[in-house]
Each structure stands twice: as structure tokens, then as C-alpha cells.
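Colleague: I would like to learn how to read the features of a model like this one. Could you take me through them in turn?

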Protein chains: 2
Amino acid sequence: MLLVQKYGGTSVGDPERINRVAQRIALSIKPEHHIVVVVSAMSGETDKLLGYALHFDALPDPREVDMILSSGERVTSALLAIALQTMGYKAISLSGRNAGIYTDSQHTKAHIEYIDTTRINKLLHKGFVVIVAGFQGVNEKGDVTTLGRGGSDLSAVALAGALNADLCEIYTDVEGVFTTDPRIEPNAKKIDKISYDEMLELASMGAKVLLNRSVELAKKLGVKLITRSTFSDNPGTLITKEEDIMEQPIISGIALDKNQARVSMVEVKDQPGIASEIFGKLAEANINVDMIVQTLAYNGRTDLDFTIPKTELELAKNIFKSLDSDSFGKIEYDNDIAKVSIVGVGMKSHTGVASKVFGALAKEHINIMMISTSEIKISVLVDIKYAELSIRSLHRAFELDK
Amino acid sequence: MLLVQKYGGTSVGDPERINRVAQRIALSIKPEHHIVVVVSAMSGETDKLLGYALHFDALPDPREVDMILSSGERVTSALLAIALQTMGYKAISLSGRNAGIYTDSQHTKAHIEYIDTTRINKLLHKGFVVIVAGFQGVNEKGDVTTLGRGGSDLSAVALAGALNADLCEIYTDVEGVFTTDPRIEPNAKKIDKISYDEMLELASMGAKVLLNRSVELAKKLGVKLITRSTFSDNPGTLITKEEDIMEQPIISGIALDKNQARVSMVEVKDQPGIASEIFGKLAEANINVDMIVQTLAYNGRTDLDFTIPKTELELAKNIFKSLDSDSFGKIEYDNDIAKVSIVGVGMKSHTGVASKVFGALAKEHINIMMISTSEIKISVLVDIKYAELSIRSLHRAFELDK
């Protein structure tokens with residue numbers, strides 16, 4: 001059995017916590033187990049180091065930033081190795097380079113190109129717990145690179161894939177993935193198993209446990225992921241292939257996204273090329289358009305509604321100014337909206353999910369402003385003041401608390 | 001002109017100081033200059049990191065300690081590169097590995113085996129100020145190593161040698177090498193030039209500017225060293241080959257060592273093998289014997305006086321207990337002694353130096369307990385209460401204040 005464990009910044013926040021992580025790792029140390037551990041920097045350390053760099057320049061050289069930031073994980077990995085050694089175990093720390101993690105040269109947001117596992121495999125077979133500094137690799141020049149936000153998770157998943165690990169456990173300060181945000185719905189339940197695709201839909205909606213990059217990589221490499229808490233013994237949530245989940249619930253979870261704004265273009269000329277011009281210009285400016293609804297044309301004019309990130313609204317307004325003013329009537333903007341999404345692979349083979357959504361919201365007199373659907377997801381746009389109520393009523397309607 | 005500059009921990013103690021170091025480096029940036037800078041960790045950083053490691057174990061694995069400690073210099077080197085870039089200069093940081101510094105595998109006290117200067121030379125010819133993380137290298141396994149106390153000085157000197165630099169400037173918080181400790185003799189003068197051998201004698205006596213390892217390496221590689229202050233424009237002290245110093249003063253400086261203890265073995269059997277047994281056992285215990293005086297034998301017995309470091313006195317006492325008690329009369333110990341040494345290459349060709357020393361001390365009624373001489377040094381052991389007076393009277397007798 002080959003196990004990859006990853007511990008985040010709060011889990012290794014000070015020497016005492018590192019000691020507790022060592023004790024937790026020790027629980028997994030058995031003769032038939034090979035263990036690779038990936039660690040983040042001690043919480044606060046990366047910000048402190050970045051603060052130093054920003055003292056000189058608001059946009060410091062990314063190569064130098066990587067040299068600075070990568071030191072945090074190196075320190076944690078060596079401290080954890082010492083902690084395990086003190087407990088009598090064979091342990092050794094490896095930098096990203098030592099671990100054979102080769103990346104491209106996009107400093108501060110590098111991509112892993114390949115992993116040479118020779119040294120890790122040798123060490124595992126000698127009985128070492130191998131502790132790898134997360135978040136970092138080395139490029140072809142031999143310069144250290146970092147992988148961007150959530151980089152240590154990515155290191156862990158990539159290593160699990162390269163080593164053909166049986167399991168990749170991501171330890172954080174959260175118990176796992178929940179049916180919805182427990183701060184909104186106190187009856188939210190921890191999900192035991194969830195498919196990669198469901199997790200991707202939930203993560204992009206704001207489930208903060210794992211970034212999509214890591215889930216996507218796990219899916220691509222077929223790595224079984226578990227996300228669980230460093231500070232409890234609960235088993236966490238397994239994220240795996242759809243086929244591995246025997247009983248597939250219709251709905252796995254409900255996500256909330258309050259970061260979208262709605263753009264309503266009224267009486268847009270219904271002729272080829274206009275929509276493509278609008279969305280083309282938004283794409284050029286890297287503005288991500290999410291939900292799109294177009295009404296049927298009437299009198300040669302149509303209404304076009306879509307959502308974009310709130311943070312991009314001002315940029316989008318400038319783009320709309322550059323459009324031919326004859327091609328549409330007027331534009332309205334709405335910041336006070338929320339997107340509520342219900343996610344579940346079971347939806348594929350069940351009809352009536354959408355009508356149940358409409359029914360639950362109608363019962364609470366919540367108006368649905370837009371709808372979009374995919375194979376495993378239904379998203380509705382509602383007035384932001386009904387966001388929490390929508391979540392709670394859907395959670396109840398689909399019996400997610402059972 | 002190729003210049004290597006090294007800045008110590010207090011010189012780069014915080015971002016503001018790093019900025020001042022960048023400004024100082026900028027003064028040396030000229031089209032015809034190639035500049036390599038070696039930096040230490042920010043002052044306090046190494047102790048903080050070591051403190052983390054010692055939290056787990058009083059004797060942590062040296063390999064892991066190196067992984068931890070080496071991060072400090074990496075951070076400083078990248079911050080300094082950013083500071084110079086912000087000022088508009090081309091600058092790049094290199095870890096010890098990036099700089100091609102290969103060492104043996106004696107973690108925490110590694111020796112530099114060779115330096116592959118390919119990358120540094122390329123960067124210099126592209127016009128970069130190359131900033132190297134001091135104190136560290138990499139062994140044949142690809143693991144980071146550190147060079148022990150004074151390791152960044154050593155990095156600088158070794159790089160200067162490998163690059164055939166014209167000059168190696170060591171920047172500290174001290175103006176240079178003084179004729180004696182200015183806290184004892186306010187008329188002490190900064191020495192403009194001094195030979196490697198004189199510096200070695202002065203350093204081992206307590207001149208804290210440079211550790212002997214670095215001076216020895218500079219001598220071996222023929223590297224011209226300058227030690228000077230980061231915080232002033234004074235030119236500092238040049239440490240170079242004897243032949244490069246045109247006017248060689250008889251005496252360059254006076255050093256004080258209060259860390260020795262005297263051991264007096266009375267009525268030691270004057271027969272072959274006894275002294276060798278005593279000094280052999282001390283050597284086995286790694287106790288460094290410094291001055292040794294043996295009186296002429298009388299009645300088959302002789303007196304043997306020598307000095308050892310105060311810190312080793314208890315260990316030595318245990319060793320003496322294991323000696324055959326018939327072989328000597330008694331042993332006395334004296335902690336309250338000081339060794340005063342006058343150093344100068346001019347001594348080689350001048351007679352009368354010793355008598356001048358005796359005369360100066362006799363005038364102050366200072367009793368000389370032991371004497372030892374080398375080609376360029378005369379050391380006298382005196383009662384510790386006369387240590388400062390001895391220094392001042394010798395400083396005046398040899399007109400070092402002129």
C-alpha cells in the first residue's frame with residue numbers, strides 16, 4: 001500500500017502542530033505501508049516572505065519570488081522529518097527538486113511537466129517516510145519554481161499519480177466536503193463519497209476544500225483523493241471515479257456563488273454576428289461568461305442575459321461602450337444576485353429534478369431569474385436576499401439532511 | 001575588473017538595510033565591472049530556524065538542519081536581487097547549487113570541493129549582478145549542505161578564487177582590522193594592509209572580523225581580501241600576500257586571548273614517553289594545547305607548563321586523573337591568565353623585538369609567566385588583571401598609535 005498524505009499550512013503552523021502531524025503520520029506507519037508526505041509552509045510564513053518581496057516592488061520578478069517563497073515548504077519538510085526521527089522513525093525531507101518534480105518556467109504559476117520518482121522509490125524501499133516540500137519544482141535551467149495557489153495539493157496529487165499511490169489524503173482544518181455550507185444550513189451533512197465531476201462543480205461554486213486544478217489532475221491521473229481534518233479522526237470525504245461509487249445519490253450537494261453579476265442587454269438586434277461580437281470581446285479581455293440566456297426574437301430584436309464575475313463588471317462596461325449603439329436597446333446591470341447550484345451524478349438517470357427545484361423555490365415565493373443546466377448540475381439565479389433561503393429549501397426538498 | 005562582495009547578517013537584517021546594501025552595490029556597477037555578491041541570512045533568521053529544529057531534538061539530523069538553515073540565505077539573495085532590479089539594474093539570485101558550489105557530504109560543516117563557474121560567468125557577461133546565497137552548496141547526492149560558522153565568508157572567498165576575481169570585499173559592521181581592540185586601547189589604529197599570516201595570528205587571538213578558515217582559503221587561492229564596514233565609506237583593511245605590502249611594519253597588531261587556562265605539572269619524571277602520554281591523551285580528547293614550556297630537568301624531575309582552552313579544563317582534569325600518579329608531583333591550574341601576542345612580519349628581519357616586549361612589561365612591573373615565539377609572533381602569558389595594561393604598554397612601546 002502506497003499512501004500520499006498532504007498537510008496544509010494551519011496543520012503545520014508551529015513546531016507543536018508539526019509534532020501532532022508527526023504523531024498522525026506515525027499511525028499510518030506499518031511494515032506493508034509506503035508513505036510519502038507533502039507539506040505546505042507554516043501558515044503565515046508565505047505571506048511574511050511575500051511581504052518582504054513587496055517591500056521593494058509591487059510586481060517583483062517572479063523568478064526571485066519563487067526563490068523566496070519556496071523556502072517555506074523546505075523548512076517545514078525538514079522540521080517534520082526531524083520530528084519523526086525523534087519519535088524513532090526513518091524519515092527524510094526532499095525539496096521539490098530532490099523529489100524529481102520538473103516544471104515549465106512559468107514562475108509563480110508553473111505546471112508540472114513530469115516527475116522522476118527514482119529517488120523517492122529508492123527511499124521508500126529503504127523504509128523511509130519521504131517528506132516532500134510542496135508547492136515547488138525545478139525548471140530545465142535548474143531554477144526553483146512554484147505552482148501557484150493550492151500548489152501543495154497539486155504536488156501531492158501529481159506525486160500520487162506518478163507513484164501510482166493507492167490513496168492521496170489531503171489534510172486540512174475542514175472535516176471534508178459537505179452537502180452545503182454548514183454555516184447556512186446547520187443540517188448539512190458530510191459527504192462520504194463524491195465523484196470528481198461533482199466535486200469540480202461544487203468546488204467552482206465555492207466549496208473551499210480543494211481547488212479545481214487539483215481535482216482535475218486527480219481525475220486525469222485516476223488518483224483517489226480523500227479530504228479530511230488533521231485535528232479529528234473522522235474519515236473525511238473520498239473523491240473518486242463515478243464507477244467507484246456504488247450508491248449514487250441523485251443530488252450530492254448544493255453550492256452557492258455570490259460573486260456573479262448579471263448583465264441584461266435588451267432588444268439586441270437578432271442578426272448573425274452580434275452575440276459573437278459581444279462574447280468575443282469579453283473573451284479577449286479574459287472575462288469569464290457563466291450563465292447565458294437568450295429569449296426568442298420578437299420584431300427582429302431579442303433579449304440577452306448573462307452573468308460575469310462581479311470583479312470584472314467595470315471592465316465589461318468599458319467594452320460595452322465600444323459596441324455599436326444601434327445594435328441593442330439598453331443594458332442593465334444587477335449586482336444583487338446569487339447563483340445556487342444543485343449537483344449530482346444521479347441526475348443523469350433521473351427525471352423530474354428540475355421540476356422539484358422549481359417547486360421547492362416556488363413554495364417559498366422565490367423568483368428564478370435565470371436557469372442553466374448541465375448533465376450533473378442545475379443552476380438557478382435568484383435575488384441575493386433569497387440565497388440562503390434557497391439553499392435551505394433545496395437542501396430539505398432533496399432530503400440531503402437524511 | 002571582477003569584484004566579489006560579501007554582506008553579513010546585520011548588513012541585510014531587514015528590507016530597509018537590504019535596500020542600503022543595494023545602493024552600496026550600485027556604487028560599484030560600471031560597464032567594465034563584473035560583480036558577484038554573496039549574502040548571509042538576515043540576522044536572527046538562522047537562530048530562529050535552528051530554534052525550530054532544536055524544539056524536537058537537541059541533536060537534529062544534520063542533513064535536515066542544512067535543509068532548514070540554507071533557506072535563510074536563499075531568501076536574502078532573492079530580496080537583494082529584487083531591490084537591485086527595482087533600482088533599474090539587471091540582477092539575479094543564485095542558490096549555492098545554482099552557483100555551482102559543490103561540497104562534500106559533511107552536513108552543517110561541509111567543505112567546498114569545487115565550483116563550476118559556467119552559469120555565473122554567463123550571467124556576468126550578460127551584464128547581471130549575480131547574487132549568491134552564501135553558506136551553502138550541494139553534495140553529490142544533490143542535497144543542500146552548509147559550510148558551518150563563517151560559511152558565507154568562505155563562499156565569497158572560494159568564489160573569488162574560482163572566478164579569479166580582482167578583489168573580495170567582506171562587508172561587516174566593523175571598519176576593518178585594528179592594531180588592537182579599540183575598547184582596550186582607544187588609540188588603536190585601523191590597519192590599511194596586512195599579510196595573510198599576520199591576519200591568521202591576529203584572528204586566532206580574537207580579532208573577530210574574519211574566521212581563520214576564510215583567511216587560510218584566501219591565502220591558498222591568492223585572493224585579495226578587503227574587510228570593511230557596510231555602514232561607512234572608509235576603505236577598510238586589505239589582507240593580501242606579504243610581497244604586496246611595500247612597507248612592512250615590524251609590528252602590525254596586538255591580540256588578546258582570555259580564553260586559556262594554565263596547567264602546571266610539577267616534578268614530572270624526566271623520562272621518554274611521559275610528555276607524549278600526557279599530550280597524546282589530550283589530543284585524543286580533541287583538547288588543543290597552545291603554549292608549552294618545559295624547564296630543565298633537575299634531580300630527574302622537570303616542570304611542565306602549558307595552556308589549554310578554559311572550556312576544556314574539566315575534561316582535562318579527568319584525563320589527568322587517569323595518569324600514573326607516580327609520574328609527576330602535583331598539578332596546579334590557573335584560570336586567571338591572559339595571553340597577549342604581538343604580531344608582525346617585520347619581526348623576521350628585526351632583532352630586539354623580544355627585549356622590547358620584556359622592557360615594556362617590566363616597566364609596568366608585569367610578570368611574564370610564559371613566553372612562546374614564532375617567526376612573526378611573540379606571545380606572553382600574564383596575570384589576567386594586567387591584560388589591558390599589557391596591551392596598552394606594548395601598543396605605546398611599538399608606536400602603533402603613530
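This is a predicted model: local features need pLDDT of at least 70, side-chain atom pairs count only at pLDDT 80 or more; totals for chains, interfaces and linings use all residues.

Colleague: Start with the interface. How many residues of chain B are in contact with chain A?

Modeller: The count of touching residues gives a starting point. Here 43 residues of chain B are in contact with 43 residues of chain A. The area buried between the two chains is about 3400 Å², and carbon and sulfur atoms give 60% of that. On the side of chain B, the residues that lose the most area to chain A are Phe56(B), Met67(B) and Arg74(B), together 21% of what that side buries.

Colleague: How many polar links cross between chain B and chain A?

Modeller: Between chain B and chain A, 16 residue pairs are in polar contact. The elements giving two or more residues to the chain B side are α1, α2, α3 and β3 of chain B. The largest share comes from α3(B), with 16 residues. By residue type, the chain B side divides into 20 nonpolar, eleven polar and twelve charged.

Colleague: How many salt bridges are found across the interface?

Modeller: A salt bridge here needs a side-chain nitrogen of Lys or Arg within 4 Å of a carboxyl oxygen of Asp or Glu. Four are found across the interface of chain B and chain A. One of them pairs Asp143(B) with Arg119(A), at 2.8 Å from N to O. Another pairs Lys48(A) with Glu45(B), at 3.9 Å. Lys48(A) lies in helix α2 of chain A and Glu45(B) in helix α2 of chain B, so this pair joins two chains.

Colleague: Are these two residues of the pair buried or exposed?

Modeller: Under 20% relative accessible area counts as buried, and over 50% as exposed. Lys48(A) is partly exposed at 28%, whereas Glu45(B) is buried at 16%. The pair also belongs to a network of salt bridges that links Glu45(A), Lys48(A), Glu45(B) and Lys48(B).

Colleague: How many salt bridges does the whole structure have?

Modeller: Over all chains the search finds 40. Take Glu242(B) and Lys348(B), whose closest N and O atoms are 3.1 Å apart. Glu242(B) is in the loop between β12 and β13 of chain B, and Lys348(B) is in the loop between β18 and α10, 106 residues apart. Lys348(B) is partly exposed, with a relative accessible area of 39%.

Colleague: Which elements hold Arg262(B) and Asp334(B)?

Modeller: The side chains of Arg262(B) and Asp334(B) meet in a salt bridge at 4.0 Å, N to O. Arg262(B) lies in strand β14 of chain B and Asp334(B) in strand β17, so the pair ties together parts that are 72 residues apart in sequence. Arg262(B) counts as buried at 16%, while Asp334(B) counts as partly exposed at 21%.

Colleague: Now the buried polar residues. What does the side chain of Gln260(B) join in polar contacts?

Modeller: For a buried polar side chain, look for its partners. Gln260(B) is in strand β14 of chain B and is buried, with a relative accessible area of 10%. Its side chain has a polar contact of 3.4 Å with that of Asp257(B) and one of 3.2 Å with that of Thr307(B). Beyond four places in sequence, Gln260(B) is in contact with residues including Asp290(B), Asn335(B) and Ile337(B).

Colleague: Where is Asp66(A) found, and what does Asp66(A) touch?

Modeller: Asp66(A) is found in helix α3 of chain A and counts as buried, at 0% relative accessibility. Leaving out residues up to four places away in sequence, Asp66(A) touches His107(A), Thr108(A), Val144(A), Thr145(A) and Thr146(A). A polar contact of 2.6 Å joins the side chains of Asp66(A) and Thr146(A).

Colleague: Last, the hairpin. How many bridges join β19 and β20 of chain A?

Modeller: For a hairpin, check strand direction, bridges and the turn. In chain A, β19 and β20 run antiparallel and are joined by five bridges. Met370(A) has Leu381(A) as its bridge partner, and two residues lie between the strands. In chain B, β19 and β20 also run antiparallel with five bridges. There, Ser374(B) is paired with Lys377(B), and the hairpin has two residues between its strands.

How values were computed:
Residues are numbered from 1 along each chain as its sequence is written. Chains are lettered from A and ligands numbered from 1 in the order in which they are written. Side-chain values use heavy atoms; hydrogens and water are left out. Contact means heavy atoms within 4.5 Å. Buried area is the accessible area (1.4 Å probe) that two parts lose on being put together, summed over both. A polar contact is a pair of N or O atoms within 3.5 Å; within protein, one must be able to donate a hydrogen and the other to accept it, and residues adjacent in sequence count only if both atoms are side-chain atoms. Helices (H or I, at least four residues) and strands (E, at least two) are DSSP runs, numbered from the N terminus. Ala, Val, Leu, Ile, Met, Phe, Trp, Tyr, Cys and Pro count as nonpolar, Asp, Glu, Lys and Arg as charged, and the others, Gly among them, as polar. Buried means under 20% relative accessible area, exposed over 50%, partly exposed in between (1.4 Å probe, protein chains only). Two strands pair if DSSP finds at least two bridges between them.
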